[in-house]
Amino acid sequence: NYTVNDKLTLRFGYAWIETFPYGDYPIQAAGFRFPEHRLYQMATLNNPVGKFEISHRFMLEQRWVGRMVRGVENTRTLDEWVYSNRLRYMGRVQVPLRQPGPGGRAWYAAAYDEIFIGFGKNVGENVFDQNRIGLLLGYRFGPKFRIEGGYFQQVLQLGREIENRNVFQRNNGIIVNTYLNLDLRKQAPAAP
């Protein structure tokens, strides 16, 4: 992460993801779990309005997804790596549930909506990739650490047709997030 100022944070990174089969129709047609290598660039804009913390997160991803095929009985082989791009936008609002205590300790509630849009020649059927909604309850232990959890809903469009139609799945679950903020910016020396 690079904090430009209190309202803008930039991030770039790499992620390795392994997706397991879930839902009525697995994302990977053969029903195998599959790997993904991902590079990403992200900008988060924070805009406090009164007691509400409003943030907008914009993310660009370059994805290399392993395509699996059926090999010998009960085995899987990696056929190829398929490259695609994806844009993500998340709007989030957070509000404290009471005045912060010593050290900034406080309960809060949060809600977010994130949409995923695929683009490029390998996107297939799902330009609209997915939408995620979360309703969360969290606790801030101080300026460096917080934890939150709650309800999560994903609406996902498969990248292929089944019986000549686009397939959308609605998946519900529980999500838990932890945040660790190590602010490494140089602090001004304290006045004598």
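A: The confidence score used here, pLDDT, is the predictor's confidence in each residue and runs from 0 to 100, while strands (E, at least two residues) are DSSP runs numbered from the N terminus. This is a predicted model, in which local features need pLDDT of at least 70 and side-chain atom pairs count only at pLDDT 80 or more, whereas totals for chains, interfaces and linings use all residues. Residues are numbered from 1 along each chain as its sequence is written, and side-chain values use heavy atoms, with hydrogens and water left out.

The average pLDDT of the protein is 86, and 82% of the residues score at least 70. Among the elements, the highest mean pLDDT, 96, belongs to strand β6 (residues 106-119), and the lowest, 88, to strand β8 (residues 145-162).

Counting as a salt bridge any side-chain nitrogen of Lys or Arg within 4 Å of a carboxyl oxygen of Asp or Glu, the model has 11 salt bridges. One of them brings together the side chains of R63 and E36, at 2.7 Å from N to O. This pair links distant parts of the chain, since R63 belongs to strand β4 (residues 52-70) and E36 to strand β3 (residues 34-49), 27 residues apart. With buried meaning under 20% relative accessible area, exposed over 50% and partly exposed in between (1.4 Å probe, protein chains only), R63 counts as buried at 12%, and E36 is buried at 1%.

A salt bridge also forms between R57 and E114, whose closest N and O atoms are 2.7 Å apart. Because R57 lies in strand β4 and E114 in strand β6, this pair ties together parts that are 57 residues apart in sequence. Both R57 and E114 are buried.

Strand β2 (residues 8-19) is in turn joined by three bridges to strand β1 (residues 2-5), and β1 and β2 run antiparallel. They form a hairpin with two residues between them, in which N5 stands opposite L8 in β2.

Notes
Helices (H or I, at least four residues) and strands (E, at least two) are DSSP runs, numbered from the N terminus. Two strands pair if DSSP finds at least two bridges between them.
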